[in-house]
Amino acid sequence: MKFTELGLAEPIQRATISAGYEEATPIQANAIPVVLSGRDLVGCAQTGTGKTAAFTLPMLDRLFQSLPAKTPSQPSGRRRQGPPGARPRTLRALVLSPTRELASQIGDSLAKYGKHTPLRYAKIFGGVSQHPQVKSLRHGVDVLVATPGRLLDLMDQGHIDLSKIEILVLDEADQMLDMGFLPALKRIVSKLPRERQTLMFSATMPPAIRRLADQWLTDPANIQVAPVAT
Ligand code: AMP
């Protein structure tokens, strides 16, 4: 299936063209319409299947289509978020990933696929100084990519407000459980609005992942694609 047939907004479609993509991969052809419709999704797919674009493209589309209007003037007495005429920025999407390498890759994809939109993202992960990450959050972002431990740290320090999240993505959920992130994930999910869209991707579907999907997702579509040939 061609990207032009998937109903993505023009600036996002244009980014797939500049990336050199013509045909959507199977996970993309199946997942993109589901995510665009607002439905929850469980995707069983490995790295190399194009799963990152399968969730980042429709997620950016939804955020782009519902961008708040520009504010002509700022209310007096409140700290302004950016210059007059700028859009107020609210953190509306959260992508959780097990490792900083994956978080970086997802961040690169957001930059690539969102480059023709005004959407902004930040990535946060452990093992490096938190200061540049906190600074990037202060400017206001629409999408945050994070590893669970550093996210909790920054939440506990009051740097991150998850109360306006509309879309949650759990990427490589099986690996996050293997790495012992379940308690962190539970704390993070408890801070999110109940009404949201949740997408869960995992290379394998052990019972523990199924149970989490039952708890955290509502009537999800299930999509499974064959592992990439090695
Ligand atoms: P992923 O499975 O998300 O890690 O993606 C694997 C690689 O495939 C990445 O380098 C993407 O840039 C590339 N890719 C994703 N979707 C497509 C597509 N539809 N056509 C060609 N390459 C793609």
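Which atom of the ligand is 2.6 Å from an N or O atom in the side chain of T52? In the predicted model described here, that atom is an oxygen. Because the model is predicted, local features are reported only at pLDDT of at least 70 and side-chain atom pairs only at pLDDT 80 or more, whereas totals for chains, interfaces and linings use all residues. Residues are numbered from 1 along each chain as its sequence is written, and side-chain values use heavy atoms, with hydrogens and water left out.

The side chain of Y21 places an N or O atom 2.5 Å from an oxygen atom of the ligand. For E23, a backbone N or O atom lies 2.8 Å from a ligand nitrogen.

Helix α1 spans residues 10-18; helices (H or I, at least four residues) and strands (E, at least two) are DSSP runs, numbered from the N terminus. Within α1, P11, I12, Q13, A15 and T16 are buried, where buried means under 20% relative accessible area, exposed over 50%, and partly exposed in between (1.4 Å probe, protein chains only). The cover over these buried residues includes α3 (51-65) and α4 (100-113). E10, also in helix α1, counts as partly exposed because its relative accessibility is 48%. Just after the helix, G20 adopts a positive phi of about 85°.

The second largest pocket has a volume of about 270 Å³. On a 1 Å grid over the protein atoms alone, a cavity is a set of points where a 1.4 Å probe fits but cannot get out, and a pocket is an open set with protein on both sides within 12 Å along at least five of seven lines; lining residues have an atom within 4 Å of a point. Grid points are joined across faces, edges and corners, and the volume is the space filled by probe spheres set on the points. Helices α8 (182-190) and α9 (207-216) each supply at least two lining residues. The lining includes D40, V189, R196 and W216.

R196 is found in the loop between α8 and β6 (197-202) and counts as buried because its relative accessibility is 17%. Beyond its neighbours within four places in sequence, R196 is in contact (heavy atoms within 4.5 Å) with D40, I165, E166, L168, V189 and W216. The side chain of R196 also reaches the backbone oxygen of P193 at 3.2 Å.

Further loop residues were examined. T147, between β4 (143-146) and α6 (148-156), is buried because its relative accessibility is 8%. E172 is in the loop between β5 (167-170) and α7 (173-178) and is buried, with a relative accessible area of 15%. D219, in the loop between α9 and β7 (221-224), counts as exposed at 58% relative accessibility.

Definitions and conventions:
Polar contact = N/O pair within 3.5 Å; in protein donor to acceptor, adjacent residues only side chain to side chain.
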